[in-house]
Amino acid sequence: MARIQWLAIGILWLLAHPAFASLNILACEPEWGALAKELGGDKASVYVATTALQDPHRIEARPSLIARARGADLVVCSGADLEVGWLPLLQTQSGNPKIQTGQPGYFEAANYVVKLEVPRLVDRSQGDVHPGGNPHVHLSPYNIEKVAIALAERMAQIDSREAGYYQARTSAFLERWRQAIAKWEKDGASLKGMPIVVHHKDLSYLNNWLGLREVGELEPKPGLPPTASHLSDLLSRLGRDPAKAVVRSAYNDPQAAEWLSARAGIPAVTLPFTVGGTDRAKDLFSLYDDTLARLLAVNK
Amino acid sequence: MFKGKLIAAAVALAFAGAAPAQDGDLAKMREEMKQLKEDYEQRMRALEKRLNEAEAKAGKAEQSAAKAEATSAGASGRSGENAFNPAISLILQGTYANESQNPNNYQITGFVPSNGEVAPPNRGFSLSETELSIAGNIDPYFRGTAVVALTSDNEAEVEEAYFQTLALPRGLILKGGRFFSDIGYLNPIHQHAWDFQDAPLAYKAFLGGQLKQDGVQLRWVAPTPFFLELGTEFSSGDPFPGSDRNANGIGSSAVFGHLGGDIGPSYAWRAGLSYLRNSPDNRTYDDVDATGGETTNSFSGKTKMWIADAVLKWAPQGNASRTNFKLQGEYFRFKQDGNLTYDDSAGSNVFGSVTGPFNTDQTGWYGQGVWQFMPRWRVGYRYDKLSYGTVNNGIVNDGLGPTSADFPVLANYSPTRNTVMFDWSPSEFSRIRLQYAVDKSQQGLTDNQFFVQYIYSLGAHGAHRF
């Protein structure tokens, strides 16, 4: 009897506890998880589907993700077909009407920014191209700003009781963010024109923002693993048009970057790419801090 | 810019016009106006600066946009009727096979033939099923999917054609039409996404290769932080282990439950239990009697099947691009209870038509592991075993005439198979596979099968199930 009473009290507590009444957000990638936390504070409970060490193109619709999608009020993803291999399954298998495409609970960050590298030729002979443009939009701070404004609106729309709270947090975030941009642009000014080789075309927005010059990719075509013949071509090209560093993201296989680094005699740099990619990249601010620090360290 | 100056001028004029003629007031007014003017000028300078900055930024953005061929958000080249085209994809598959036994005589000894497409591919070059799939959202409430298989003998076969709800609340999903049943692990997965060229023996013996049915399915995903899913299916029950009954109502029902989750970032798993019930009516198969004359056997009664399945996937830190491993296994138990009618009237006509009680209790399982040891390359091994268990054939046991020699397919035998495969995937959309199997499906015969298989995927990027 006493046991049943405790159980009843426990269930009531669970039902009444505010932590369970908050806005449930499923973020496809760590950067959007971090942004949702910045804007949502303790009114949002955020689950991040992937880590910085995972390739966001190649995630499986794991049972745990379907379970998380089932309970989500809002799914925040990059969009532009980045998650095309797994997100549609989370939508169709989770039985959650809120997160279907076109519903307020489905948010694609790439819809709110100007996308780079929209392919002129949409054909698989070009590798795993994204017809809508490059989906890795989060490494331009101006994109983060635009997405933050849109996401805050969306959160307020879904959880209208806390609209004021989200708006206030967003204004505070944007103010800090704009100050940080000014600092990053000052610190990063010397990176303008720095030639680099990237692993995958996932740093294009960063390069476009800071003016880094991408002189080659380790992947022969987007999404295809590096091959020996492509790497040796690249190496001979670097002889004519040298780069200052081989830059890869934390989730990329290090082998190809190390191979090229050793032969071309230029440093290999690992960027966090997203929150959690390095020990220092703990949130969006430190993600940019660390990214700049790592690039500045090799640009001497 | 000009507008700002005009307004300032107008304001100044207005103030000047309204100014009273008293000197002190005038001086005060002048002072105020001067301040106002300075204030406006300051603001205008600020505005101008911001405008210049914005223009510069826009120019920069324009340049980079032109350089990188950017377009505005959400812009799409599709328009008009075309814009609503569903996702279309096409799978091209083919095989080169070298087999030591004739695939046309393929049988699984000890088990009632399913009459499904279970035989190995034709010897030499052959085309496997070409799959055309079309899928898209119908409206905010439904999604539709159709998969048509074009077979090598120039027939079109509807593999799947179903609707699925998108808007039911509380984790409910209703599906209707023709679809692969969600029982087991491999059953709902399309053949091109399997890790081997062919189905496990248990699928061949107990489900005719793969169970697809016409019916409805209701599924519920529990609101738990781990994955729990329960479902039930009702269908006409035409395919094996059922039969075409020409009857109202439900010929087959199934229930299934799946449980799954992650163990740290590197492991993900799913386990399931399924139960399938059928009521076949005159489900027939052909055999030969002791003298080689043709016979027809027909079963009517009830069948029950239990399947336990589990899959465990590993990838370092959950990043499967470089290396990953997948371990998978399923266990089947299949019981039949009813009557069997033996008929040799079309052949040697010794006994004519004889009916006796018939019940079976048989099991089967397979286990397999597939390892991607470097990008693009995978190896895999699979072991298959079927256990004869008990087969009580009343016709033979009760001495109604035909003896066990008149039921060669049902001879006491437990098949096994060992399979290795090696595949190379230049990209996500292409795969070339070598597979070698020692198949002991038939009593007294060993079939050494060597396959070279290609699988190409065109069009929309289909998401694959876990």
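Domain bounds here come from an automatic or database domain assignment. On that basis, chain A of this predicted model divides into domain 1, covering residues 2-183, and domain 2, covering residues 189-298. The centres of domain 1 and domain 2 of chain A, taken over C-alpha atoms, are 27 Å apart. Contact between the two involves 28 residues of domain 1 of chain A and 24 residues of domain 2 of chain A. On the domain 1 side, two elements of chain A each supply two or more residues, namely α2 (30-40) and α5 (141-158). Of these, α2(A) gives the most, with five residues. Sorted by class, that side of domain 1 of chain A holds 12 nonpolar, 10 polar and six charged residues.

We can turn next to the place where the two chains meet. Chain A brings 45 residues to the contact, and chain B brings 48 residues. On the chain A side, the elements with two or more residues are α3 (63-70) and α4 (87-93) of chain A. Here α3(A) is the largest giver, with five residues. The side of chain A that touches chain B is made up of 18 nonpolar, 16 polar and 11 charged residues.

Chain B is likewise assigned a domain 1 and a domain 2. Domain 1 of chain B is built from two stretches, 1-18 and 28-51, while domain 2 of chain B runs over 87-459. For this pair, the C-alpha centres are separated by 83 Å.

Strand β9 (residues 252-263) of chain B and strand β10 (residues 267-278) of chain B run antiparallel and are joined by 12 bridges. Within this pairing, Gly257(B) has Leu273(B) of β10(B) as its bridge partner. Together, β9(B) and β10(B) make a hairpin, with three residues lying between the two strands. One residue in the turn, Gly264(B), has a positive phi of about 65°.

Strand β10(B) also pairs with strand β12 (residues 294-314) of chain B, again in an antiparallel arrangement and through 12 bridges. In this second pairing, Leu276(B) is found opposite Met305(B) of β12(B). Taken together, β10(B) is joined to β9(B) and also to β12(B).

How values were computed. Residues are numbered from 1 along each chain as its sequence is written. Chains are lettered from A and ligands numbered from 1 in the order in which they are written. This is a predicted model: local features need pLDDT of at least 70, side-chain atom pairs count only at pLDDT 80 or more; totals for chains, interfaces and linings use all residues. Two residues are in contact if their C-beta atoms, placed from the backbone, lie within 7 Å. Helices (H or I, at least four residues) and strands (E, at least two) are DSSP runs, numbered from the N terminus. Ala, Val, Leu, Ile, Met, Phe, Trp, Tyr, Cys and Pro count as nonpolar, Asp, Glu, Lys and Arg as charged, and the others, Gly among them, as polar. Two strands pair if DSSP finds at least two bridges between them.
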